[in-house]
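Hi there,

Here is the structure I promised to pass on. Have a look at it first, and then read on for my notes.

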Amino acid sequence: MANRPLIYAANWKMNHGPAAACAFLERFLGLTSPEPGRALWFFPPAVSLAAVSQAARARPDIVVGAQNIHWEPNGAFTGEVSISMVQEAGATAALVGHSERRHLFGETDDQVARKTAAALNAGVTPLLCVGETLAEREGGRTEQVILRQLAPLLERVAADDWARLVVAYEPVWAIGTGRTATPDDAAQVHELIRFTIGRRGVPGRVRILYGGSVNPGNVLALLARPELDGVLVGGASLDADGWAELVGAG
């Protein structure tokens with residue numbers, strides 16, 4: 001595991017405005033130091049992007065990303081943000097297709113694919129999220145859902161471009177519920193994703209993270225599986241001391 005680069009991605013969701021974000025970073029940076037083979041990704045709310053980017057400017061191990069982007073460069077899309085806007089605020093990555101965007105705001109698989117392609121074209125690294133609901137899992141449809149979500153991406157993203165994006169498997173039933181996929185569960189779906197992508201001629205290893213109720217008590221067991229290249233964390237990333245502990249535990 002020590003030789004495998006790992007990503008620890010913090011999704012703050014609708015938490016931490018600019019002042020709180022700055023206070024978090026001041027504390028977190030004092031608790032951590034850059035480590036070989038480890039990258040720390042932060043996805044703050046849009047209003048805090050510039051503050052986080054500025055606060056983390058001296059840490060080369062930190063990547064700052066947007067929680068959402070639109071595929072169009074501008075236009076009549078009230079409430080949306082364009083890729084150039086988040087880049088101007090300091091973002092070099094973007095969450096795409098998070099389950100809350102899909103299930104609460106109605107994003108379709110095709111829209112997720114359009115956002116992913118637009119981000120790649122602009123030089124922004126997409127962190128592409130896929131995953132099934134509890135009903136889909138209990139119905140034995142996990143593989144079917146993952147393949148459906150990947151299908152439009154495989155049509156829009158060129159084989160060579162997959163090396164420039166990161167995938168996150170986030171089972172919806174495990175997000176914020178305290179229920180975590182076992183390391184075996186996660187590894188099995190990661191293998192499915194890699195096999196599906198590899199069949200389309202994608203060269204090399206695509207980085208895949210796991211997300212869903214990750215905490216300091218389970219992160220080591222999850223990352224011990226070679227199929228996992230890191231974690232995408234929500235609630236456990238909102239406290240600076242707790243996030244530093246989780247990163248250290250992994």
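**What I found**

The secondary structure of the chain comes to ten helices and eight strands. Please keep in mind that this is a predicted model.

Let me start with the overall build. The C-alpha atoms fill a box of roughly 45 × 45 × 35 Å along the principal axes. The radius of gyration is 17 Å, which agrees with a compact globule, because a chain of 250 residues would then have a value near 18 Å. Of these 250 residues, 50% count as buried. Looking at contacts between residues at least 6 apart in sequence, 72% join residues at least 24 apart.

The eight strands form a closed barrel in the order 1-2-3-4-5-6-7-8, with parallel pairing. Neighbouring strands of this sheet are turned by 25° against each other on average, ignoring direction. Where do strand 1 and strand 8 come together? Strand 1 (residues 6-11) and strand 8 (residues 230-233) run parallel and are joined by four bridges. Within this pairing, Ile 7 stands opposite Gly 230 of strand 8.

Helix 10 (residues 240-249) lies across strand 1, strand 2 (38-43) and strand 8, and runs at about 160° to strand 1.

On to the interior. In soluble globular proteins, nonpolar side chains tend to be buried together. Here, the largest nonpolar core has 64 residues. Those with the most contacts inside this core are Tyr 8, Phe 42, Trp 162, Val 167, Ile 193, Tyr 210 and Trp 243. Apart from it lies another core, of twelve residues, including Ile 7, Val 166, Leu 209 and Leu 232. As for Tyr 210, leaving out residues up to four places away in sequence, its contacts include Tyr 169, Pro 171, His 190, Leu 222, Gly 230 and Leu 232.

How many disulfides does a search of the whole structure find? The search finds zero. Cys 129 is buried, with a relative accessible area of 0%, whereas Cys 22 has 35% and counts as partly exposed.

Happy browsing, and do write back with any questions!

Best wishes

Conventions
Residues numbered from 1 in each chain as written. Predicted model: local features only at pLDDT ≥ 70, side-chain atom pairs only at ≥ 80, totals over all residues. Heavy atoms only, no water. Disulfide = S-S within 2.5 Å. Buried < 20%, exposed > 50% of the residue type's maximum accessible area, 1.4 Å probe, protein only. Pairing = 2+ DSSP bridges. Helix = DSSP H or I, 4+ residues; strand = E, 2+ residues; numbered from the N terminus. Axes fitted to C-alpha atoms, helices over the stretch in contact; angles between N-to-C directions. Contact = heavy atoms within 4.5 Å. Core = buried A, V, L, I, M, F, W, Y, C linked by side-chain atoms within 4.5 Å. Rg over C-alpha atoms; globule rule 2.2 N^0.38 Å.
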